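The stops below are given in the order in which to select them.

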Amino acid sequence: MVAILPFHGQAKVKSVLSGDTVVLVGKKGSNTTHAPEVTFTFEKVNAPRMASKANSNVDDPGAFSSREWLRNICVGKTVSFETRKQGASAGDRVYGLLFVPDPMTDSKQWNLSVESVRRGFCTPKTLGGANNDDDDADANGGEDYERALQLAYKEAVSSQVGVHSPKPVVRKLMNAGDEFQAITLVEKSKRICTGGAVKCGVLY
């Protein structure tokens, strides 16, 4: 198996695809025209799915908030990574952990997976405690990571934050398509908006 990333390292976050997945970019080599990019997903957690054709262009509850929290924390910044799964068993992406300096004290590191679960932006794939038979529960700190996820999850549920809140944000994306070719934006705004105002969101 050819490793895509080393076990430990640092890289810059180019973009955030969802609440549990980012695109990491490395340094451009002397013999390459583009810097290498890797899709990196948090290990053992799930974020709500972003709106796409696969789910009728409707976010899973809390998906947008989950992605935006992660984007505000790390996009354009250098993060530390720890790989857990890559190569044949992981397809075209790498699974692992990302770390950034704790905003309160630079002497500590935030595990972004755990902090995302703590805020209700992700949930552990397995609920109810670490599984001692798990292949990842080894000298790499798998059990400690599982335990931290479970504690963070309980805290999020208790605080009713993120996806555990009574009404997490849900977006429904609408494709103007051919309709905007036959009607101007002003005319459409008059028909579908109230109070003479329209609120727009720019997705990137």
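## Stops on the tour

Select Asp60 to begin: at 25% relative accessibility, Asp60 counts as partly exposed, where partly exposed lies between buried (under 20% relative accessible area) and exposed (over 50%), with a 1.4 Å probe and protein chains only. This is a predicted model, in which local features need pLDDT of at least 70 and side-chain atom pairs count only at pLDDT 80 or more, while totals for chains, interfaces and linings use all residues. Residues are numbered from 1 along each chain as its sequence is written, and side-chain values use heavy atoms, with hydrogens and water left out.

Arg49 and Asp60 are eleven residues apart, both in the loop between β4 (45-46) and α1 (63-74). Helices (H or I, at least four residues) and strands (E, at least two) are DSSP runs, numbered from the N terminus. Arg49 is partly exposed, at 47% relative accessibility.

Move to Asp59, which is in the loop between β4 and α1. Is Asp59 buried or exposed? Asp59 is buried, with a relative accessible area of 3%. Its side chain makes a polar contact with the side chain of Arg171 at 2.5 Å; a polar contact is a pair of N or O atoms within 3.5 Å, and within protein one must be able to donate a hydrogen and the other to accept it, while residues adjacent in sequence count only if both atoms are side-chain atoms. A polar atom of the Asp59 side chain also lies 2.6 Å from the backbone nitrogen of Ala51. Not counting residues up to four places away in sequence, Asp59 touches Arg49, Met50, Ala51, Phe64, Val170 and Arg171, contact meaning heavy atoms within 4.5 Å.

Next, select Glu82 and Arg84. They form a salt bridge whose closest N and O atoms are 3.0 Å apart. Glu82 is buried at 10% relative accessibility, and Arg84 is buried at 15%.

Then select Glu115 and Arg118, whose side chains meet in a salt bridge at 3.2 Å, N to O. The two are separated by about one helical turn because they are three residues apart in helix α2 (residues 112-118). Salt bridges that share partners join Glu115, Arg118, Arg119 and Glu155 into one network. The structure holds twelve salt bridges.

Colour strands β6 (residues 93-102) and β7 (residues 105-111). They run antiparallel and are joined by four bridges; two strands pair if DSSP finds at least two bridges between them. β6 and β7 form a hairpin with two residues between them. Asp102 has Thr105 in β7 as its bridge partner.

Which residues of the largest nonpolar core touch the most other members? Of its 31 residues, these are Val22, Leu24, Phe40, Leu70, Cys74, Leu98 and Leu112. Such a core is a set of buried Ala, Val, Leu, Ile, Met, Phe, Trp, Tyr and Cys residues joined through side-chain atoms within 4.5 Å. β6 gives the most to this core, with five residues. Leu98 has contacts that include Val22, Leu24, Phe40, Trp110 and Leu112.

Technical notes:
A salt bridge is a side-chain nitrogen of Lys or Arg within 4 Å of a carboxyl oxygen of Asp or Glu.
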